[in-house]
Amino acid sequence: MSASKTNVVIALVATLCMAPSLSDELLGFDDPLFVEQLPTGLSAALSSIFTFGAMYEFYPVRDLSYVIERLLHGGAPLGFRITNLLLYAWISVWVCILLRLFGRPRIATLTALLFAVQPLHCEVACLITSRSILLSSLFGLLYLYFFIRAELPGLTFSRPLRLASSLMLVLAL
């Protein structure tokens, strides 16, 4: 099976495993601060993200993702859950892509599928408040991918890859 078909299968498996979490209501551990109390205007929201206004933690990438979602779908919990589900599927695919760099595509695929169906990940994939973990994981995998690609022997364009890996590391933190 080709790498792109494998990636689609991994994304579908991850999505199907976590799909029962899609509901349009807040769960017990979902903090209404992220859904109901975000500033509604773009300038007020951006101001609160970078000045510790509405949020009690400083996670600008996470908070910016909440603000964008709030502007796109009005803050319905289902929209936040769909985004978390898509992020989780994308992370599962990047696990496979990263592991493929080591030259064992079957092992990479099996590992990514096991990662996608791991029941311990349901809390991270299902709760709106776990967005920072998903984003950090995604950017951390991208950092590793670009860093490893930059260090491969015979690569002549490693400087842009090193810059990309540095940016992904900053976003992951």
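Is Leu 86 buried or exposed? I will answer that in a moment, but let me say at the outset that what we are looking at is a predicted model, and that everything I quote this morning is computed from its atoms.

Leu 86 is exposed, because its relative accessible area is 53%, and the cut-off for calling a residue exposed is over 50%. This leucine lies in helix H5, and together with Leu 22, Leu 78 and Ile 82 it forms a nonpolar patch on the surface, whose members have about 310 Å² of accessible area together.

The protein chain contains 9 helices and 0 strands, so that, read from the N terminus on, the order of elements is simply α-α-α-α-α-α-α-α-α. The chain has 173 residues, of which 39% count as buried. The accessible surface comes to about 9,600 Å², and carbon and sulfur atoms account for 69% of that area. As for how the chain contacts itself, if we consider contacts with a separation of 6 or more, 70% of them are between residues 24 or more positions apart.

Next, the charged pairs. Side chains of opposite charge can pair when their charged atoms come close, and a search of the whole structure finds 3 salt bridges, which I will take one by one.

In one of them, the side chains of Glu 69 and Arg 131 meet with an N to O distance of 2.5 Å. Glu 69 sits in helix H4 (residues 60–73) and Arg 131 in helix H8, so this pair ties together parts that are 62 residues apart in sequence. Both Glu 69 and Arg 131 are buried.

Another salt bridge joins the side chains of Arg 62 and Asp 63, at 2.9 Å from N to O, and here again both Arg 62 and Asp 63 are buried. Asp 63 is found in helix H4, and its relative accessible area is 0%, so it counts as buried. Asp 63 and Leu 46 are 17 residues apart in sequence, while their C-alpha atoms are 8.8 Å apart in space.

The remaining salt bridge is formed by the side chains of Glu 151 and Arg 162, at 3.2 Å from N to O. This pair links distant parts of the chain, with Glu 151 in the loop between H8 and H9 and Arg 162 in helix H9, 11 residues apart.

Arg 131 lies in helix H8 and is buried, with a relative accessible area of 1%. With Asn 84, the contact includes a polar one, in which the two side chains are joined at 2.5 Å.

Asn 84 takes us back to helix H5, and this asparagine is buried, with a relative accessible area of 0%. Not counting residues up to four places away in sequence, Asn 84 touches Val 124, Ala 125, Leu 127, Ile 128, Arg 131 and Leu 134. Helix H5 therefore holds both the exposed Leu 86 and the buried Asn 84, and with that I will stop.

Notes:
Residues numbered from 1 in each chain as written. Predicted model: local features only at pLDDT ≥ 70, side-chain atom pairs only at ≥ 80, totals over all residues. Heavy atoms only, no water. Salt bridge = Lys/Arg side-chain N within 4 Å of Asp/Glu carboxyl O. Buried < 20%, exposed > 50% of the residue type's maximum accessible area, 1.4 Å probe, protein only. Helix = DSSP H or I, 4+ residues; strand = E, 2+ residues; numbered from the N terminus. Patch = residues over 30% accessible without salt bridge, like charges linked within 9 Å, V, L, I, M, F, W, Y side chains within 5 Å. Areas by Shrake-Rupley, 256 points an atom, 1.4 Å probe, with all protein chains shown as cover. Polar contact = N/O pair within 3.5 Å; in protein donor to acceptor, adjacent residues only side chain to side chain. Contact = heavy atoms within 4.5 Å.
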